[in-house]
Amino acid sequence: MSHIPPLDPQVAARKGFRESEERLKRFWKVVDVEAGEGGWTVLLDARPPKTPAGAKLTLPTEAAARLVADEWAAQGEFLDPATMPATRLAATAIDRVSQAREAVADEVAAYAGSDAICYYADAPGSLVEMQARGWEPWREWAEDTLGVKLDPATGVIHHAQDPAAIARVRELALELDDFTLTGLAAAVPLLGSAVLGLAVQRGALDGEGAFELSRLDEHFQESQWGVDEENAARTASRRAETVVFDRWFRALQG
């Protein structure tokens with residue numbers, strides 16, 4: 001999504017995050033978190049690292065701050081930003097989503113208009129049955145729990161959903177704090193589904209379970225034709241991302 005960039009390949013320096021092609025060495029020994037005004041701040045040798053915009057890495061719960069702090073503590077001799085997804089989410093929430101909540105909510109809601117769990121295959125019957133068994137309970141959950149009624153369709157041609165359902169997803173997104181909204185806005189496109197993203201955010205479904213539901217078509221094809229190594233690696237990476245989002249949401253709940 002346009003407001004949730006991939007993890008920046010540039011990493012944090014002593015005075016914050018800076019753009020540089022050089023690899024940055026670890027400069028701290030002790031990582032901790034501290035309660036203060038506005039929440040819990042990550043500390044490196046008692047000093048807070050900064051976001052790209054120069055703000056402190058302050059999160060709303062101790063659990064969320066420790067999730068970020070653990071990433072800093074786990075770094076080796078050189079920082080590896082690919083191993084710091086929670087840090088990216090925190091910085092994005094502070095610097096970007098806090099300034100663009102309406103636009104981010106629009107992007108989340110747009111996925112409800114073409115939600116992956118609404119599009120069934122034409123054939124074969126075994127795949128259609130698998131999709132119905134996996135997806136129908138979550139459309140029912142969305143209607144009963146969230147007030148979001150989405151209609152299923154067959155084939156890949158776009159099927160317009162009720163504007164009221166899309167508006168309701170937008171409303172739900174705007175009810176979230178900046179950090180939770182950031183996680184939702186990153187999880188939804190990965191899953192291709194606003195419903196599955198909201199289910200993970202609310203703890204109704206775990207990240208790995210949501211990921212498996214989002215890739216039923218791929219799973220069926222793999223069962224028929226096998227899995228190549230390159231695709232398996234991509235799948236493993238995407239699955240790991242959904243687990244991170246799950247941990248992120250739980251940490252924000254304290």
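Alanine 46 is exposed, with a relative accessible area of 63%; exposed means over 50%, buried under 20%, and partly exposed in between (1.4 Å probe, protein chains only). This is a predicted model, in which local features need pLDDT of at least 70, side-chain atom pairs count only at pLDDT 80 or more, and totals for chains, interfaces and linings use all residues. Residues are numbered from 1 along each chain as its sequence is written, and side-chain values use heavy atoms, with hydrogens and water left out.

Alanine 46 sits in the loop between β4 and β5. Helices (H or I, at least four residues) and strands (E, at least two) are DSSP runs, numbered from the N terminus. The phi of alanine 46 is positive, near 70°, though the residue is not glycine. Aspartate 45 is also not a glycine, and its phi is about 50°. Aspartate 45 lies in the loop between β4 (39-44) and β5 (58-59). Its relative accessibility is 35%, so aspartate 45 counts as partly exposed.

Next comes helix α3 (residues 101-112), which holds glutamate 102. Glutamate 102 is partly exposed because its relative accessibility is 46%. Beyond neighbours within four places in sequence, glutamate 102 is in contact with Arg170 and Leu174. Contact means heavy atoms within 4.5 Å. Glutamate 102 and alanine 173 are 71 residues apart in sequence, yet 9.1 Å apart in space, C-alpha to C-alpha.

Then look at proline 124, in the loop between β6 (119-120) and α4. A cis peptide bond joins alanine 123 to proline 124, with omega about -5°.

Helix α4 (residues 125-146) contains glutamate 140. At 40% relative accessibility, glutamate 140 counts as partly exposed.
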